[in-house]
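Dear colleague,

My findings are set out after it.

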Amino acid sequence: MSGKKGWFYHARLDLLSAKALFELPAPIYENVGFHCQQCMEKTIKGYLHAQKVRFPKTHNIGFLLTLLEKESTELASSLNWARDLTDYGVFVRYPGAVVVDLSPGRVMKLLDLTQQAFGLVLEQVREEDSL
């Protein structure tokens with residue numbers, strides 16, 4: 001699967017993985033954060049692809065939001081919280097890296113925001129496709 005459908009398909013898989021890891025008897029918060037970051041990265045890339053915006057290979061959500069802002073300032077503004085996810089996608093994967101908040105409450109909030117944002121972007125792309 002390629003194109004925007006491929007980006008959204010893989011973003012959804014990351015969201016489902018994050019939810020499953022959060023619901024384990026002993027949740028793996030580092031991996032929940034990682035999959036939230038991956039979901040948002042792929043969601044934004046899916047939107048950019050739908051808008052025919054080229055983007056480099058990057059995990060930096062802040063950079064992707066800068067590109068998104070040129071297409072939809074309103075959508076970019078509503079996703080601004082996701083800038084912090086870059087640290088969860090890159091730094092929690094390696095020992096001795098940047099310390100991020102992995103408290104259950106923070107990770108649950110990130111998961112909730114990620115789920116809402118995924119739905120919001122998907123809905124916007126569907127609306128634009130029907131115009």
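The notes that follow cover confidence, helix packing and a few individual residues.

**Confidence**

Please bear in mind that this is a predicted model. The chain has a mean pLDDT of 92, and 95% of its residues reach 70 or more. Among the elements, the highest mean pLDDT, 97, belongs to helix 3 (residues 61-71), and the lowest, 88, to helix 5 (residues 85-90).

**Helix 2 with helix 3**

The axes of helix 2 (residues 29-50) and helix 3 cross at roughly 30 degrees and come within 10 Å. Because angles under 35 degrees count as roughly parallel, helix 2 is described as roughly parallel to helix 3. The crossing of these two helices is left-handed. On the side of helix 2, the residues in contact are Gln37, Met40, Glu41, Ile44, Lys45, Tyr47 and Leu48; on the side of helix 3, they are Ile61, Leu64, Leu65, Leu67, Leu68 and Glu71. Sorted by class, this contact comprises nine nonpolar, one polar and three charged residues.

**Helix 2 with helix 6**

Helix 2 also packs with helix 6 (residues 104-129), at an angle of about 15 degrees and with the axes 10 Å apart. Helix 2 is therefore roughly parallel to helix 6. Here too the crossing of helix 2 and helix 6 is left-handed. Helix 2 contributes Tyr29, Val32, Cys36, Cys39, Met40, Thr43, Tyr47 and Ala50 to the contact, while helix 6 contributes Pro104, Val107, Leu110, Leu111, Thr114, Ala117, Phe118, Val121, Gln124, Val125 and Glu128. The classes represented in the contact of helix 2 with helix 6 are 15 nonpolar, three polar and one charged residues.

**Helix 1 with helix 6**

The axes of helix 1 (residues 3-22) and helix 6 lie 11 Å apart, and the two helices pack at an angle of about 155 degrees. Since an angle over 145 degrees counts as roughly antiparallel, helix 1 and helix 6 are roughly antiparallel to each other. Helix 1 passes helix 6 in a left-handed crossing. The residues of helix 1 that make the contact are Lys4, Phe8, Ala11, Arg12, Leu15, Ala18, Lys19 and Phe22, and those of helix 6 are Pro104, Val107, Met108, Leu111, Thr114, Gln115, Phe118, Val121, Leu122, Val125 and Asp129. This contact of helix 1 with helix 6 divides into 13 nonpolar, two polar and four charged residues.

**Individual residues**

Lys42 is placed in helix 2. With a relative accessibility of 16%, Lys42 counts as buried. Leaving out residues up to four places away in sequence, Lys42 touches Trp7, His10, Ala11 and Asp14.

Phe63 belongs to helix 3 and, at 36% relative accessibility, counts as partly exposed. Apart from neighbours within four places in sequence, Phe63 is in contact with Pro56 and Thr58. Phe63 and Lys42 are 21 residues apart along the chain, and their C-alpha atoms are separated by 13 Å.

Thr86 is located in helix 5. A relative accessible area of 13% means that Thr86 is buried. Not counting residues up to four places away in sequence, Thr86 touches Gln37, His59, Asn60, Ile61, Gly62 and Phe91.

Asp84 lies in the loop between helix 4 (73-78) and helix 5. At 46% relative accessibility, Asp84 counts as partly exposed. Asp84 and Gly62 are 22 residues apart in sequence, with a C-alpha to C-alpha separation of 8.1 Å.

Lys52 is found in the loop between helix 2 and helix 3. Phi of Lys52 is near 65 degrees, a positive value in a residue other than glycine. Lys52 counts as exposed, at 74% relative accessibility.

With kind regards

How values were computed: Residues are numbered from 1 along each chain as its sequence is written. This is a predicted model: local features need pLDDT of at least 70, side-chain atom pairs count only at pLDDT 80 or more; totals for chains, interfaces and linings use all residues. Side-chain values use heavy atoms; hydrogens and water are left out. pLDDT is the predictor's confidence in each residue, from 0 to 100. Helices (H or I, at least four residues) and strands (E, at least two) are DSSP runs, numbered from the N terminus. Axes are lines fitted to C-alpha atoms, for helices over the stretch in contact, and angles run from 0 to 180 degrees between N-to-C directions. Angles under 35 degrees count as roughly parallel, over 145 as roughly antiparallel, 65 to 115 as roughly perpendicular and the rest as oblique. A crossing is left-handed if the near helix is turned anticlockwise from the far one by less than a right angle, and right-handed if clockwise. Contact means heavy atoms within 4.5 Å. Ala, Val, Leu, Ile, Met, Phe, Trp, Tyr, Cys and Pro count as nonpolar, Asp, Glu, Lys and Arg as charged, and the others, Gly among them, as polar. Buried means under 20% relative accessible area, exposed over 50%, partly exposed in between (1.4 Å probe, protein chains only).
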